[in-house]
Amino acid sequence: MTGEFAIVVKNLSYTYKANTPLASSALHDINLEISKGQFVAIIGQTGSGKSTFVQHLNGLIPTSAGHIWIDGEDIGAKGFNLKNLRHKVGLVFQYPEHQVFEETVFADIAFGPKNQGYTGAELERKVRTAMELVKLDFARFKDRSPLELSGGQLRRVAIAGVLAMEPSIMILDEPTAGLDPETRDEILEQIGRLHEQTGITVLLVSHSMEDVARLADLVVVFNQGTVALKGSPRELFQHEAELTAIGLGVPEVVRVMLGLKDKGIAVDTRILSIQEAADEIIQRWRKDA
Amino acid sequence: MLDGITLGQYIPGESIVHRLDPRTKIIISLLLIILLFLVDSYVGYLLVGLGIMGIIALSGMPFRFVLRGLRPLRIILILTFVLHLFMNEGRELARLGPLVMTYEGLHRAILMTARLSLLVLATSLLTLTTSPIRLTDGLESLLNPFKRFGMPAHELAMMMTIALRFIPTLFEETEKIMKAQKARGADFESGKLTERAKNLVPLLVPLFVSAFRRADELAIAMEARCYRGGEGRTKLRQLEMESTDYWSLTIVCVVSLVLAVLF
């Protein structure tokens, strides 16, 4: 496999509780290529297999059928070092605050890099950098107990805990689930900035189109364990009917533009933000007038 | 690692075993447990084992799946076997340093391991074929006569269902936290015993926190739906004993009695 791809997935399938009366197929013949430095959104309804899929990428679920190459290495190969893989592929779980266990914020964020063997000043530098990336003031928060923090702050601590390991691929599984809209926007914005600043490959799992439209280069839509659609957000939102059938829909502003087009107004529907939509409508208006 | 746990899990089905009244099944399980402590010979265990296999066959559940319930207990089973093998006095069979293996030990080891395995199978068969709601209903109705002596039958039954209901949830939670910590480089599988115990801290702390949080949430959810205990509470589904219940009870009673007396 070539080196330009961060992740290559071929014919990946997975069944939960295989060979029991409770067996249920979660993934079916997934094929996907993700370039280095790409921001990828993985979208799908609850139970579409997206969480199962991302857990394969750092070896938490062993590949039972199919192949996955991370940076050109087959992670299902015999003798492959899973520990190194987990340092390379950082995975932030849903509700990551539930995994926080240390007495101080510093100690909890340091858990990952400590397991990598870092100590002393180097360890502190990593924790400090990670906290800065998620906008947690190092001096103010490092000695506080995680129990005193708000939901949004705790979530940031948990994300920093994975960032501190300095992975080259960062996967976030529904990082905004259960947060209020303001905190959600903040966290998403920080993930976007993180991607810009560090240039690492980011996979963002979500069930909300609105969340990912502005951030992602590539959107992969999961439906019932298969990849139903993929493409850039602009391309993808042209498939409104399919997306609605899957139960995902498109951002409101895209719906407005598609509606205008339906009414015979020849606007360009490949827009992502309200600003772009406004510009496009004004331009159309001027041309017609 | 935790995938194989069948204890406390319910697999829906339509077999005759599934349809039996929960009271019948509880009594049968109790009889089997008592029987397993009375029987004390190879033939006896073999026959009880065959009986349990018969019930599994009737329930339509794959044998291998039910047997998997023993897997999490394999360490206890092996320990039981080894301890009995070496700790009994008698005629020497073999010698391992200061440890003496005896014929009597081997005999007890086989019996004890068989007893433990069959106990687990008999009880897991009850929970595998009975939904938690029916199980509580059955327990409550069986404990009702003791209410007169101040036994909180409803509360006990409720507590048991909740405990049973949360076994799989807690296992799922454990698995989830384990994965999350593994993703941060935690190691649960290697190292010395003391190290391994220390490595469990990142797993146990969040697990306890979430168990308490869940308990709190459940209590609030129950109160929000005006739950206030057993007094004056009616049931949507009344339990009714049918002829199959009486038949199976009679058969198991007679067979148990015979086995207990003979073996």
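Predicted model: local features only at pLDDT ≥ 70, side-chain atom pairs only at ≥ 80, totals over all residues.
## Chain A: the six-stranded sheet

One sheet of chain A is open and holds six strands, arranged in the order β6-β7-β8-β3-β9-β10, with mixed pairing. Its edges are formed by β6 (89–92) and β10 (226–231) of chain A, each of which pairs on one side only. From one strand to the next, the twist averages 15°.

At the β10 end of the order, strand β9 (residues 218–223) of chain A is joined to β10(A) by five bridges, and the two strands pair in the antiparallel sense. Within this pairing, A:Val221 has A:Leu229 in β10(A) as its bridge partner.

## Chain A: the four-stranded sheet

A further open sheet in chain A has four strands in the order β2-β1-β4-β5, and here the pairing is antiparallel. The edge positions belong to β2 (24–35) and β5 (73–74) of chain A; each has a single partner strand, so one side of each is left without a neighbour in the sheet.

Strand β1 (residues 5–16) and strand β4 (residues 65–70) of chain A run antiparallel and are joined by five bridges. A:Ile7 is placed opposite A:Ile70 in β4(A). Helix α1 (residues 50–57) of chain A lies across β1, β2 and β4 of that chain, and runs at about 60° to β2(A).

## Chain B: overall layout

Chain B contains eleven helices and two strands. Read from the N terminus, its elements follow the pattern α-α-α-α-α-β-β-α-α-α-α-α-α. Along the principal axes, the C-alpha atoms of chain B fill a box of roughly 65 × 60 × 40 Å.

The domain assignment divides chain B into domain 1 (1–130 + 237–263) and domain 2 (154–232). The C-alpha centres of domain 1 and domain 2 of chain B are 28 Å apart.

## Chain B: helix packing around α6

Helix α6 (residues 103–129) of chain B packs with helix α3 (residues 42–59) of chain B, their axes coming within 11 Å and crossing at roughly 20°. An angle under 35 degrees counts as roughly parallel, and α3(B) and α6(B) are therefore roughly parallel to each other. Their crossing is left-handed. On the α3(B) side the contact uses B:Tyr45, B:Val48, B:Gly49, B:Ile52, B:Ile55, B:Ile56 and B:Ser59, which meet B:Leu111, B:Ala114, B:Leu118, B:Leu121, B:Ala122, B:Leu125 and B:Thr129 in α6(B). Eleven residues of this contact are nonpolar and three are polar, with no charged residue.

Helix α2 (residues 22–38) of chain B also packs with α6(B), at an angle of about 175° and with the axes 10 Å apart. That angle makes α2(B) roughly antiparallel to α6(B). The α2(B) residues in the contact are B:Lys25, B:Ile26, B:Ser29, B:Leu32, B:Ile33 and B:Leu36, and those of α6(B) are B:Arg115, B:Leu118, B:Leu119, B:Ala122, B:Thr123 and B:Leu126. By class, the contact of α2(B) with α6(B) comes to eight nonpolar, two polar and two charged residues. B:Leu118 and B:Ala122 take part in the contact with α3(B) and in the contact with α2(B).

## Chain B: α8 against α10

The axes of α8(B) and α10(B) come within 10 Å, with a crossing angle of roughly 140°. This makes α8(B) oblique to α10(B). The crossing is right-handed. From α8(B), the contact takes B:Leu170, B:Glu173, B:Thr174, B:Ile177, B:Met178 and B:Gln181; from α10(B), it takes B:Pro202, B:Leu203, B:Pro206, B:Leu207, B:Ser210 and B:Ala211. These divide into eight nonpolar, three polar and one charged residues.

## Contact between the chains

The contact between the chains takes 18 residues from chain B and 23 residues from chain A. On the chain B side, α8 (153–183) and α10 (201–224) each supply at least two residues. The most comes from α8(B), with six residues. By class, the side of chain B that touches chain A has eleven nonpolar, three polar and four charged residues.

Terms used:
Residues numbered from 1 in each chain as written. Chains lettered and ligands numbered in written order. Pairing = 2+ DSSP bridges. Axes fitted to C-alpha atoms, helices over the stretch in contact; angles between N-to-C directions. Domains from an automatic or database assignment. Contact = placed C-beta atoms within 7 Å. Nonpolar A, V, L, I, M, F, W, Y, C, P; charged D, E, K, R; others polar. Parallel < 35°, antiparallel > 145°, perpendicular 65-115°, else oblique. Left-handed = near helix turned anticlockwise from the far one by under 90°.
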